[in-house]
Amino acid sequence: MRALLTKVEQDSRLDRAGDRLQKVVLGTLRPRRLRDLLHGVTLGHPLHPAMVQVPVGAWISAAVLDLMPGQRRPATVLVGLGTVSALPAAVAGLNDWAALARDQRRVGLVHAAANTVGMTLYAGSLAARLSGRHGMGRALGFLGLSTVSLGAYIGGHLAYKQGAQVNQSISELHRMTDGWHSLADMATLPQRTLITREVDDDISVILYRHGDEVTVMLERCPHQSGPLGEGEVQEIDGHACVVCPWHGSAFRLNGGEVVQGPSGNDQQILPTRIQNGVLQTRLP
C-alpha cells in the first residue's frame, strides 16, 4: 500500500480529472463564508474530520447489529443515518481538498472515489433493507464498510504522511529551546508594520507592534507553510489580521485566531516581555 500510494502521489494522469473537479468545487462553493464554515474556521479546527465521525460510527454500529439476531430495524436506522450524514461530510472534505497542493489532491481524489463507492453501496444497502431484502442489505453494508475503511486508510495517508489540513507551523515550537529569547529593541520597532525575526537562528516569527503591545507569531502559515511575513495586514471584523500571500488564510494579530480559510487552524502566538527595552519571547 505504501508503494501504491506513493505512485498515486506522483501520477500526473490524475490531474486532468482533479483539475476539473477542483473547478467545479470552487465554482459551486463560491461564498467565502460558506467555504470558511466548511473549512472549520469558526471552530479553529478542520471540520471534515469531526463530521465523518457520525457516518463512520453509524455504519460500524450497524455492522455490529447485523451480526446479532433480531436487530434489523435499528441496523436499518443506523445505515440510513450514516448515509445521510455522509453527504455534508463529503462536501466539507471536497472543500478542503480543493485548497490542497497537487500531489495531495491526487491522493485525495482516490480517497474521495473510495468513499463515493462506499456511500453508493450503503445507499443500495438502505434501499434493499427498506424493501425487505435484509440479506442483500447486510451484504452491501459489509462491502460498503470495507470500502470506506479503505478510504479512511487513504485519508490517513493524506493527513499524516502528506500533511493535508494539519498545522504546518506547529513543529517550529518543538525545535525552540526553553527560556527567553531576545528579538529586537522596542525603540526600533515601527507601528503597525510586519517585521520578521528569527529565534534560535532558524525559527522564523513575525512581530507586529500596536501601541505598546507587540504580537509575536510563528511565521509559517498553518495551511501550506506560506510566508506570513510577506503577507498584508488587513482589518477584518474590526481586528488587525495578517493575510497569507499564498492562499489567503487570515489570522488575528491580537490572538492568532483564524478568521478566513482555507486554513482551519489558529496560528500560534508566543508570550512576550520587555527587559531593559528589549522585546523577548519564549515557548508558550
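Me: Which side chain makes a polar contact with the side chain of Arg129?
Reply: This is a predicted model, where local features need pLDDT of at least 70, side-chain atom pairs count only at pLDDT 80 or more, and totals for chains, interfaces and linings use all residues. Residues are numbered from 1 along each chain as its sequence is written, and side-chain values use heavy atoms, leaving out hydrogens and water. A polar contact is a pair of N or O atoms within 3.5 Å; within protein, one must be able to donate a hydrogen and the other to accept it, and residues adjacent in sequence count only if both atoms are side-chain atoms. At 2.9 Å, the partner is Ser125.

Me: Which backbone oxygen lies 3.2 Å from a polar atom of the Arg129 side chain?
Reply: Arg129 touches several residues beyond four places away in sequence, with contact meaning heavy atoms within 4.5 Å. Among them are Asp66, His134 and Gly137. The backbone oxygen at 3.2 Å belongs to Gly137.

Me: Is Arg129 buried or exposed?
Reply: Arg129 is found in helix α7, residues 102-130. Helices (H or I, at least four residues) and strands (E, at least two) are DSSP runs, numbered from the N terminus. Buried means under 20% relative accessible area, exposed over 50%, partly exposed in between (1.4 Å probe, protein chains only). Arg129 has a relative accessible area of 4%, so the term is buried.

Me: How does Gly57 count by accessibility?
Reply: Gly57 is found in helix α5, residues 53-66. Its C-alpha atom is separated by 15 Å from that of Asn115, 58 residues apart along the chain. The relative accessibility of Gly57 is 30%, so Gly57 counts as partly exposed.

Me: Which residues does Asp202 touch, leaving out those up to four places away in sequence?
Reply: Asp202 lies in the loop between β2 (194-199) and β3 (203-210). At 44% relative accessibility, Asp202 counts as partly exposed. Its contacts are Glu172 and Arg175.

Me: What is the strand content over residues 180-281?
Reply: UniProt places the feature "domain: Rieske" at these residues, in an unreviewed entry. Its positions are given in the numbering used here, feature names are shortened, and annotations may be inferred rather than shown by experiment. The end C-alpha atoms are 5 Å apart.

Me: How far apart do the C-alpha centres of domain 1 and domain 2 lie?
Reply: The protein is divided into domain 1 (1-162) and domain 2 (169-282). These bounds come from an automatic or database domain assignment. The C-alpha trace of the protein spans about 80 × 40 × 35 Å along its principal axes. The centres lie apart by 36 Å.

Me: What area is buried between domain 1 and domain 2?
Reply: Buried area is the accessible area (1.4 Å probe) that two parts lose on being put together, summed over both. Here 12 residues of domain 1 are in contact with 11 residues of domain 2. Carbon and sulfur atoms give 45% of the buried area, which is about 830 Å².

Me: How many residue pairs are in polar contact across the interface of domain 1 and domain 2?
Reply: A salt bridge is a side-chain nitrogen of Lys or Arg within 4 Å of a carboxyl oxygen of Asp or Glu. The count between the domains is 0 salt bridges. For residue pairs in polar contact, both at pLDDT 80 or more, the number is 5.

Me: Which helix gives the most to the side of domain 1 that touches domain 2?
Reply: The protein has 9 helices and 11 strands. The helix in question spans residues 32-39 and gives 3 residues. That is helix α3.
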